[in-house]
Amino acid sequence: MGSWSGSVGGAGRGPGAAVSIESKLLGSRGVVQKVSRRYFWGVPEPSVYELVERLGNLLRAAERRAGARAGLQPVHLHALGYVARCNRYSDSPGALQEYLGVTKGTASQTVTVLQERGLLRRRRDDEDARRVHLELTAKGRRLVASALPPRPFEEALADLPAGGRELRAQLMGLLRGLQRSGGVPSFGVCRTCAHFRREAGGFRCGLTGEPLERDETALICREHSPVETGD
Ligand code: SF4
């Protein structure tokens, strides 16, 4: 897995290499060394589980630091990131709750905090006043653009061959497997959805029957149904 496994596991490279990449994620040599020793040094061949779990910890730490600059928790950043990338079928408080995997109360509290900070707003649906859409304010869009993904992650990713394209495909397979076994909604994009239709002059959602703009096909959808590849 290229530089990730080499640096984290230390195979064929010294502790300095691990510090180099992990420093980008944690930004503190002292903390990096302490956490790295605790979790990985001396482990000759970390498992995929250990690597993903470790990456999750590092990313959460980077998100905490990015969020703290704006007085926010990681869950607030995740909510903003979701609303920034979800489509028109998925911008409701209920879909946000499902995506975050939190309780209704936590989702509601998250929306309230983001509204109070002027980062998010609720908009009543034009045709059905009972329905609420969430949308980012200009301030919210700026924050997402500056905080997500955390810059140290982008820098570490850029060091991988082809910007991590191969890793991305493998992680997608892993994610899909976890979602299948856990019965978790996939929240994917149109191009990997069984309902997606290409037709003369554009695209259409086979579930809703509505036409889709090209940009919309790259947005996250709560109705996404993964194309079964038979693997
Ligand atoms: S094609 Fe699938 S992902 Fe796209 S809008 Fe329809 S249900 Fe959602």
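The three strands of an open sheet run in the order β3-β4-β5 and pair in the antiparallel sense, where two strands count as paired if DSSP finds at least two bridges between them, and where strands (E, at least two residues) and helices (H or I, at least four) are DSSP runs numbered from the N terminus. Because β3 (196-199) and β5 (211-212) stand at the edges with a single partner strand each, one side of each has no neighbour in the sheet. Strand β4 (residues 202-205) is joined to β5 by two antiparallel bridges, and arginine 204 has proline 211 of β5 as its bridge partner.

This is a predicted model, in which local features need pLDDT of at least 70 and side-chain atom pairs count only at pLDDT 80 or more, while totals for chains, interfaces and linings use all residues. Residues are numbered from 1 along each chain as its sequence is written.

The protein as a whole has ten helices and five strands. Of its 231 residues, 22% are buried, a residue being buried if 20 or more other C-beta atoms, placed from the backbone, lie within 10 Å of its own.

Helix α10 (residues 165-182) has 18 residues and should span 26 Å at 1.5 Å a residue, which agrees with the 26 Å between its end C-alpha atoms; the expected span is 1.5 Å times one less than the number of residues. The number of buried residues in α10 is zero, so this helix lies largely in the open. Glycine 183 follows α10 and has a positive phi, near 65°.

The ligand is surrounded by residues including Cys190, Cys193, His195, Phe196, Cys205 and Cys221, each with its C-beta atom, placed from the backbone, within 6 Å of the ligand.

Definitions and conventions: A residue is buried if 20 or more other C-beta atoms lie within 10 Å of its own, exposed if 12 or fewer, and partly exposed in between; C-beta atoms are placed from the backbone.
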